[in-house]
Protein chains: 2
Amino acid sequence: MDEIADQQPLRASSDQISEFAANALMAAGTQLDAAQSVANALTETSLRGIDSHGIRLLLHYIKAVQGGRINPNPKLAFTRSGAGTGIVDGDDGFGHHARYFAIDRAVALAQETGIGAVSVINSSHFGAAGSYVLRAAHQGFAGLGFCNSDSFVLAHDGRHSFHGTNPIAFAAPVPGEQPFLLDMATSVVPWNRVQDYLMEGLSLPPDVTVDSSGEPTIDPAQSDALLPLGGTFFGYKGAGLASMIEILCAVMTGSPHCSRLPAMKGPDFSTPRRLGHFFLVIDYRRFVSHQIYAAGMHGYLRDLRSQSAKAGRRVMAPGDREWSIMEERKQRGIPVMRCLREELDCLSDDLGIRRITYSE
Amino acid sequence: MDEIADQQPLRASSDQISEFAANALMAAGTQLDAAQSVANALTETSLRGIDSHGIRLLLHYIKAVQGGRINPNPKLAFTRSGAGTGIVDGDDGFGHHARYFAIDRAVALAQETGIGAVSVINSSHFGAAGSYVLRAAHQGFAGLGFCNSDSFVLAHDGRHSFHGTNPIAFAAPVPGEQPFLLDMATSVVPWNRVQDYLMEGLSLPPDVTVDSSGEPTIDPAQSDALLPLGGTFFGYKGAGLASMIEILCAVMTGSPHCSRLPAMKGPDFSTPRRLGHFFLVIDYRRFVSHQIYAAGMHGYLRDLRSQSAKAGRRVMAPGDREWSIMEERKQRGIPVMRCLREELDCLSDDLGIRRITYSE
């Protein structure tokens with residue numbers, strides 16, 4: 001096989017990917033609804049082109065469930081604590097399962113009271129934060145979701161990693177179109193972006209990472225921690241957002257904060273991580289009529305997308321790129337690189353489940 | 001007077017500043033409660049050291065009320081639209097007045113239902129976004145506030161200003177201490193920071209502004225628009241947050257978005273700006289006991305503040321710098337530069353009110 005062909009991904013349909021993921025998780029002992037939640041989230045994320053948080057993570061999740069970190073048969077519980085508030089106990093199961101459950105409860109609260117706030121306790125990693133607020137938007141509600149993570153990012157003026165990459169996700173319905181979708185880490189880039197530069201043998205842009213002594217570096221191999229969004233000069237903004245998210249997801253849920261969380265990457269794969277999350281769901285119809293909302297949203301997005309752009313670029317709204325990738329991947333399938341195909345094939349052999357069939 | 005003494009600020013007590021502001025606004029026709037709201041907000045902001053949004057803005061507000069943009073005698077109205085939601089109509093009065101009113105309504109909703117969401121319509125500029133969420137925190141609630149503004153900031157990959165500086169403010173109680181307080185524009189810096197560099201004859205850091213053709217510049221005199229937080233490479237994050245805020249504050253309130261707002265700086269000072277705002281207030285006791293919240297908050301802040309820092313720096317929590325400045329200014333008074341003193345003296349002559357007395 002020549003070098004170039006070797007780098008070309010093969011493709012598999014989203015149905016196949018989703019079925020494979022669910023089968024693998026069930027073969028590892030996960031109950032049906034939890035396995036389906038994880039499979040849905042991973043496939044939807046791969047379809048949107050967020051490969052770092054898509055099907056690639058299946059291997060990690062299998063390891064976490066086999067190691068005992070993840071409870072494969074959780075009993076999710078919802079406690080309503082106010083007309084507009086509630087707490088989901090994830091019972092140390094998959095974060096995806098707990099978060100879908102939580103966002104549905106938050107939507108139900110918002111239907112009733114106009115706004116719902118739901119925290120999640122005893123949870124774990126859940127893939128991409130956007131998947132869950134999207135579920136609210138697809139039901140006609142705006143959703144705002146937060147999560148912390150273990151340490152990858154400097155505090156502002158700090159020298160070593162402290163905060164997690166602590167994402168913010170926001171989705172809102174756009175009548176007649178796919179939803180508006182923002183899903184961003186509060187670090188300059190996510191950690192896996194640094195890995196991409198490393199694998200491609202490229203230097204990083206300046207002001208993205210520091211080395212183990214806290215000095216700026218553009219060498220991905222020397223990178224030890226990420227800078228908060230805003231970089232060296234203005235990182236108090238990214239770090240401030242990360243702090244806000246620690247308060248919402250850890251302090252306000254009684255869960256460990258960033259530097260006290262067991263690391264996602266192990267080596268401990270047996271201790272539950274006790275991650276906390278926080279969600280808000282808003283019924284926009286309590287603030288403005290659907291007609292005025294639709295006109296305002298279309299008018300805003302039209303003005304945004306028609307902004308004069310830099311040479312060779314186009315001004316897009318958050319989500320535009322994802323929806324166009326999804327369109328293409330729904331038609332052509334989800335691309336899977338050789339390295340990942342081999343790992344998934346090994347997994348199917350280990351678990352005794354049918355392999356994915358790829359095409360070009 | 002020699003050059004150096006000329007640059008030294010003189011100081012006035014916060015009581016004097018507040019009384020002067022209220023008197024000036026009332027002399028310009030503003031009703032008592034509205035004048036007091038503006039005076040409170042400006043003084044509190046100056047005390048925290050945010051001079052760009054403090055007493056300096058009084059002259060602008062007097063101009064806006066005299067020009068007819070601001071209704072000096074607004075009747076604020078609150079319409080409850082759900083158990084957890086409501087809308088404040090600011091009646092084209094001062095944004096400060098409408099926002100204090102709105103945050104108090106949101107606190108009342110959160111007391112009842114666990115979370116309150118309140119939008120504000122027909123409002124105007126309100127100074128610093130932090131002032132209002134602080135009011136929630138001082139009452140024992142977490143507050144999250146958003147506002148858009150007229151165009152100062154590029155869309156990501158854009159060439160000309162489109163979004164406002166669209167701040168996010170978040171405050172949360174810290175038992176036994178001043179609140180946690182984050183108050184940040186979603187641009188790299190606020191516009192007045194560029195003016196500071198200009199006045200001091202300094203070059204800007206790279207990747208902060210563009211000139212009128214959309215090319216990066218470090219010359220404050222050539223700067224025409226701000227980059228979104230994240231700069232040239234990662235500005236999709238700052239721009240994405242700005243977009244979210246347009247949706248919450250303009251689309252969801254039926255108010256004009258960024259590029260459709262009359263400019264704060266005029267020349268039109270007679271047309272009401274119809275700004276929209278959006279607030280969330282959260283009762284943390286619906287998610288965790290006060291004891292666990294207090295322990296979690298103190299533990300998180302202790303870990304954050306004890307992070308190993310770069311040479312000559314100290315890792316601080318959002319708000320730490322403001323509270324230490326406030327302590328000093330409560331003792332020594334609020335510093336006012338000569339240029340502003342002269343303007344305030346002129347204003348007192350014009351309006352026939354008593355001048356501020358300064359000391360060194």
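Are A:Phe162 and B:Tyr300 buried or exposed? Both residues are buried, where buried stands for under 20% relative accessible area, exposed for over 50% and partly exposed for what lies in between (1.4 Å probe, protein chains only). The structure is a predicted model, in which local features need pLDDT of at least 70 and side-chain atom pairs count only at pLDDT 80 or more, while totals for chains, interfaces and linings use all residues. Residues are numbered from 1 along each chain as its sequence is written, chains are lettered from A and ligands numbered from 1 in the order in which they are written, and side-chain values use heavy atoms, with hydrogens and water left out.

A search of the whole structure finds 18 aromatic pairs over all chains; rings of Phe, Tyr and Trp (its six-membered ring) pair if their centres lie within 6.5 Å, and planes under 30 degrees apart count as stacked, over 60 as edge-to-face and the rest as tilted. One of these pairs joins A:Phe162 and B:Tyr300, which are stacked at 6.1 Å centre to centre with 20° between the planes. This pair crosses between chains, running from strand S7 (residues 161–163) of chain A to helix H9 (residues 290–305) of chain B. Here helices (H or I, at least four residues) and strands (E, at least two) are DSSP runs, numbered from the N terminus. Elsewhere, A:Tyr100, A:Phe126 and A:Tyr132 form one aromatic cluster.

Rings also meet charges in chain B. The charged end of B:Arg105 sits over the ring of B:Phe101, 3.9 Å from its centre, and that of B:Arg285 sits over the ring of B:Tyr284 at 4.4 Å. For this, NZ of Lys or CZ of Arg must be within 6 Å of the ring centre and within 35 degrees of the ring normal.

Helix H9 of chain A has 16 residues and reaches 22 Å from its first C-alpha to its last, close to the expected 22 Å, a span given by 1.5 Å times one less than the number of residues. Its buried residues include A:Tyr293, A:Met297, A:Tyr300 and A:Leu304. The buried residues of H9(A) pack against strands S8 (168–172) and S9 (180–184) of chain A, together with strand S7 (161–163) and helix H8 (231–249) of chain B; contact means heavy atoms within 4.5 Å.

How are the two chains related? Chain B can be laid on chain A with an RMSD of 0.0 Å by a turn of 180° and a shift of 0.0 Å along the axis. The two copies are thus related as by a two-fold rotation axis, superposed by least squares on the C-alpha atoms of residues with pLDDT of at least 70 in both. Of the residues of chain B, B:Gly230 comes closest to the axis, at 2.6 Å (C-alpha). The same surface serves both copies, as 100% of the contact residues of chain B recur in chain A.

The contact takes 81 residues from each of chain B and chain A. About 6600 Å² is buried between them, with carbon and sulfur atoms giving 71%; buried area is the accessible area (1.4 Å probe) that two parts lose on being put together, summed over both. In chain B, B:Lys237, B:Phe287 and B:Tyr300 lose the most area to chain A, together 12% of what that side buries.

B:Ala185, in the loop between strand S9 (180–184) and helix H7 (191–199) of chain B, counts as buried at 13% relative accessibility. Leaving out residues up to four places away in sequence, B:Ala185 touches A:Lys237, B:Thr165, B:Asn166 and B:Pro167.
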